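Hi everyone, thanks for having me.

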Amino acid sequence: MAQALTLARAAELAGEVPVGAIVISEEAVAVGRGYNRTLLDVDPTAHAEIIALREAAWKIGNHRLVGATVYVTIEPCVMCVGALIQARIARLVYGAEEPKSGALRSVPSLFQHPALNHQFEVTDGVMAAECGDVVRRFFQRRR
């Protein structure tokens with residue numbers, strides 16, 4: 001999670017909402033890293049998780065990231081949860097909850113929906129205070 005926080009801070013320096021993500025393969029190797037780039041890329045889908053998943057898939061040569069763990073500083077949104085499901089990750093670890101748009105525990109709980117074709121393990125609250133502080137400070141400075 002410390003590496004994801006470093007990526008979140010890089011996003012903040014770039015003027016983006018500070019969210020960072022890292023994908024760790026089943027072999028415990030970092031295969032994908034990303035931070036929010038929606039403004040930089042002029043792309044509404046350029047969330048940290050999506051960027052990290054794209055890099056990981058490209059590196060391993062497969063769109064399925066079976067056995068992988070994704071670490072992200074903030075609870076993922078609906079779009080990102082969908083991407084995690086499509087990638088067939090094994091586990092998601094996130095820091096702070098996102099009460100407005102989080103799609104795991106905060107708003108809808110998608111990751112265990114019985115109609116979906118894949119479920120993954122979720123660990124929440126890892127370095128939650130640090131992860132939440134980065135985002136809180138970012139928005140306080142913008143207001």
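I'll talk about the pocket, then the core, then one alanine.

Quick housekeeping: this is a predicted model, where local features need pLDDT of at least 70, side-chain atom pairs count only at pLDDT 80 or more, and totals for chains, interfaces and linings use all residues. Residues are numbered from 1 along each chain as its sequence is written, and side-chain values use heavy atoms, with hydrogens and water left out.

So, the largest pocket holds about 590 Å³ of space. A pocket here is an open set of points on a 1 Å grid where a 1.4 Å probe fits, with protein on both sides within 12 Å along at least five of seven lines; lining residues have an atom within 4 Å of a point. The volume is the space filled by probe spheres set on the points. There are 21 lining residues, and Val17, Ile74, Glu98, Val135 and Phe139 are the closest to the centre. Helix α5 (residues 128-142) gives the largest share of the lining, 5 residues; a helix is a DSSP run of H or I with at least four residues, a strand a run of E with at least two.

Now the largest nonpolar core, with 38 residues. That's buried (under 20% relative accessible area, 1.4 Å probe, protein chains only) Ala, Val, Leu, Ile, Met, Phe, Trp, Tyr and Cys joined through side-chain atoms within 4.5 Å. Ile89 and Phe120 are among the members that touch the most others.

Last one: is Ala103 buried or exposed? Buried, at 0% relative accessible area. Ala103 sits in the loop between β4 (91-96) and β5 (121-123), 8.7 Å from Met79, C-alpha to C-alpha.

Notes. Buried means under 20% relative accessible area, exposed over 50%, partly exposed in between (1.4 Å probe, protein chains only).
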